[in-house]
Amino acid sequence: MGTLRLQPARLGALTPKAVSNAWSVFDFQLAFYALALTIIGLLMAYANSADAPLQAGSIFTRALMWLSLGIMAFTVATAVDYRWLKTLAWPVYLANLGLLIATLALGTGIGGVSRWVSIFGLQFQFSEIAKILMAVVLANYLASRNDKLGNLWTIIGAGIIAAPPLVLVLIQPDLGTSLVFGAIVFGALFVGGASLRWLSVGIGIILASIPVLWNYVLQDYQKLRLISFLDPSAADIQGAGYQLQQSQIAVGSGGLFGKGLTNGTTGDQYLPVQATDMVYASLGEQLGFIGGLLVLLLFAALVWRVLLVGWRSRDPFGLVFAGAIASVLLFQLLVNVGMVLGIMPITGIPLPFITHGGASLISICLGLGILESINMRQAKATW
Amino acid sequence: MTGSLRRDPSPRRRLLPRFIIFGVVIVLVVVALGVRLFDLQVARGSYFTDLSQSQRTSLEPIRTTRGLIYDRKGRQLVDNIPTFAVKIRPADLPFTQRDDVVTRLAQLIHVPASDIYQALDRNAGSRFDLVRVASDIPTETARVLAEAHLQLPGVYVDVEARRDYLYGSTFGHILGFTGSISADDYSRLRDSGYLNDDVIGKAGLEATFESELRGQYGSEEVERDGQGRIVRVLRTVQPATPGNSLELTIDGEIQRMAEKALRWAMKLAGLKRGVFIVENPQTGEILAMVSLPNYDDNLFAGGISNAAYKKLLTDPNRPLLNFAINEQYPPGSTFKLVTGSGGLQDGKITPQTRLMTHAYLSIGRYRYYDWNRAGFGPLTIYDGFAHSSDTFFYQVAGRLGIDRLAYFAHQWGFGEKTGIDLPGEATGIIPSNAWKERVFNQPIYPGEVYQAGIGQGYDAVTPLQLINAYSALANGGTLYRPQLVHRILAANGTVVQNYTPQVIRHIAISPDVLRVMRVAARNVEVVRHTYNLVDLPVVSAGKSGTAEFGIRDSRGRLPFHSWFAGFTPKDATKNPGDPNGFEAVKSTDSQLAFLAFAYDSRTRGNAATEIAKYFLQLYYHTSVDLRINSLLVRDNFYGN
């Protein structure tokens, strides 16, 4: 069996020679797509910084700072042997829960929800980091049950691991991120090779419990957003439906080539929280259909490269982790852009790389760094 | 490759289909989003470009003050007073909090929650338009609402002017009232600048002169923020013009006399409905118009509750109707003016012609009785009119024929709207051969001609038509359009429009005939058909009427209305040289025509005559009081 070549880390793995060998299998495409998306995100940060993008504290300067932190996170995660994560999986899990509880206790946010924690004056959303930590914990768990993946208990076990952070996020309340957690679990199980039969049963049970969630779990504003998605004319235009309408107007007025960077007329004033979740709307307005399509294609290529890392990985950990990351990227792309374009309900899910938010970027950089680390250490022959 | 897949079923190869599926999902997601993006930006791009340019600034209306209303002597009848109104902007009221907010608001402003829901559900405007849910709330409540605004998202307290009708119900039917614009009206009028939470004239002159009173709303360009709130005013596009004011032909003092006289008799006799109208025969100006029961316009101006409105609507005495114009009744003997003048004009009788009056006339086996079962013997038009002999006028009507009778009725203005500036005027019915054929597909029968000759049968008139006819009698044959508005004034006091008398027609009856009829009308009083009316120190002429309607009681008696229509000459003081006043009424300079109508009166005497008498006493400030209370006892004298 091919997997028999799987080997534990050797002490000599980080010798200069080993490193140079490793760089030969560094996935430059993956890094390139990610960098391209990050640069587009930076451009948007510049364009949305209103009058003074270079002034301290503007969206742009903060984005630059987060980017440098993100590059650091990426580099460190790439350099460090990911197999340490297996050892540290459970402490990481507990730390994850601790961060989420801290968020609930200390958090501030907009519209009566607590999602952000201030660290040194910077707003930080721990639930973003929790995504990557969740992927790590799940990958470790599924890898340890590599021979029992077809088993129902594997799926139940993954559900039990995912449940506490998911509930903690849901009561923040942050419906969007809890859905993202669901996507992580699903992606990990699907790509990892869990029983499709039991996976479908599990999804069926979750769908069947939606009415219960609706009545006892969802907050009024969350219900409203869903209602406004299902019937924009019936629900509250000023609130949820208003965002929807405004984002469509912004995107639609961009046309084929866009109005040009910094020329977003509706951007500043008319899009509530445009700097966060709705940034794709101002991107569409300023860069037009060409820019919007470019972002979509870059995402498609990136997600595919992430999957390939998993394919090449001889370690089931790498396989599962890549599945989780690919799934979360694709899910966030679909939900965020779909929301801006009016074909998905409004949820507070950021668009990776593009949304101006530090935690999201660092979280993604960490995830991609771990993937590069896996790639360099576990890759079979290139695809 | 496929060979090795079969030979070497490694776990990774086993997962190949899942990677392919994942890849397909990636493609599907990108294609779906890409197609939507294309649809929004390229296919419908220009539509959204227009939208984005229109939303930053918008034109907002500038409201203006509604014009006032004065009587002919300059007495102010209506005022605009600042009040607090409660409005809801549906867009600001989250759907999920709707029930909660409505319930709490209903308790605070003491309005049924169902009324608020109804106002919201009937909203014809957009979700950003304000919807009025209550007007004229107490200051204290407004303060409480303002403090509770965090618990009441979407609820706003607006200061706005509401109408204050200074005399309550006295001018009720004439002035009408304003109210919140209905969804239907708003849909119809939004292009004329009406707003969703606007007020509009709903009844009376407030409705007919809406365009004058309302004024011109202006508009200003405002900038809005992302929440749709107004940030600042950029410029005034068009300044607002306040509404014009009306100066009525109504004299408030005369109106109050008319109401007083009518109320007195109605209270004494227990009557449910009545009308009193005063007109200047020289111009057609209406000096007073009272219809009882009436209602306080302020009920509506303050935003009437559904319950109170329903009560008014279902009141069996229908206070919302102005019986002077909105309904038609058989004119009874007052209609003998038409029959008599027509007979004289067509030469069917002369002033000297004596007709034998019996207890009844027969056609075949049918008998047509006189109200006086003894008959009066031979009578001229003077005495026939004065005693109101039915058999006299049966014969005149028979000689004229139905179509000539109808012709003269139309000459006097019956069977057609007078054209007064109030909504909902009734037309009345004047039967003719053509009318009978059209409506019943039958010819007129001879007995019906008799009935028509004494204002019974199919005949139906409005009180206003009747006083207008007697005004024409008093002025020598000119039928004027009755008017309520004398002048229209701009807010700065300049006259925008003067209303001059409008002639409907010069009646095709010779002045001689009309003079005969005026003397005959004076004779009504002189022969004491109207009891002691002739004893007043004021010369007047007129005709009483007792008009049967409805269903006979167990003794074969019909209920009836009573009428009195009359006029006074310009110099109405009694002159010893003209003891009976016959010379005085020959003149055509009358300044005063009046009409009393008592619905379903069934009093021992003619209630309308008593009302008219009391009005004349009040109007001329007579020192004597000739009212006879005993005549107002409920008792079906007619047919006894």
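Here are some notes on strands, sheets and helices in chain B.

1. Keep in mind that this is a predicted model, where local features need pLDDT of at least 70, side-chain atom pairs count only at pLDDT 80 or more, and totals for chains, interfaces and linings use all residues. Residues are numbered from 1 along each chain as its sequence is written, while chains are lettered from A and ligands numbered from 1 in the order in which they are written.

2. Start with strand 18 (residues 485-489) of chain B, which pairs antiparallel with strand 10 (residues 245-248) of chain B over 4 bridges. Strands here are DSSP runs (E, at least two residues), as helices are (H or I, at least four), numbered from the N terminus; two strands pair if DSSP finds at least two bridges between them. Across this pairing, B:Leu246 sits opposite B:Ile488.

3. Strand 18 of chain B also pairs antiparallel with strand 19 (residues 495-498) of chain B, over 3 bridges. B:Leu489 faces B:Val495 there. The hairpin has 5 residues between its strands, and B:Gly493 has a positive phi near 95 degrees.

4. Next comes an open, antiparallel sheet of 5 strands in chain B, ordered 12-11-23-22-21. Its edges are strand 12 (285-292) and strand 21 (541-548) of chain B, each pairing on one side only.

5. Inside that sheet, strand 11 (residues 274-280) of chain B pairs with strand 12 of chain B in the antiparallel sense over 7 bridges. B:Glu279 is opposite B:Ile286. Helix 21 (residues 463-475) of chain B packs on the sheet, touching strands 11, 22 (560-568) and 23 (592-598) of chain B; contact means C-beta atoms, placed from the backbone, within 7 Å.

Notes
Contact = placed C-beta atoms within 7 Å. Axes fitted to C-alpha atoms, helices over the stretch in contact; angles between N-to-C directions.
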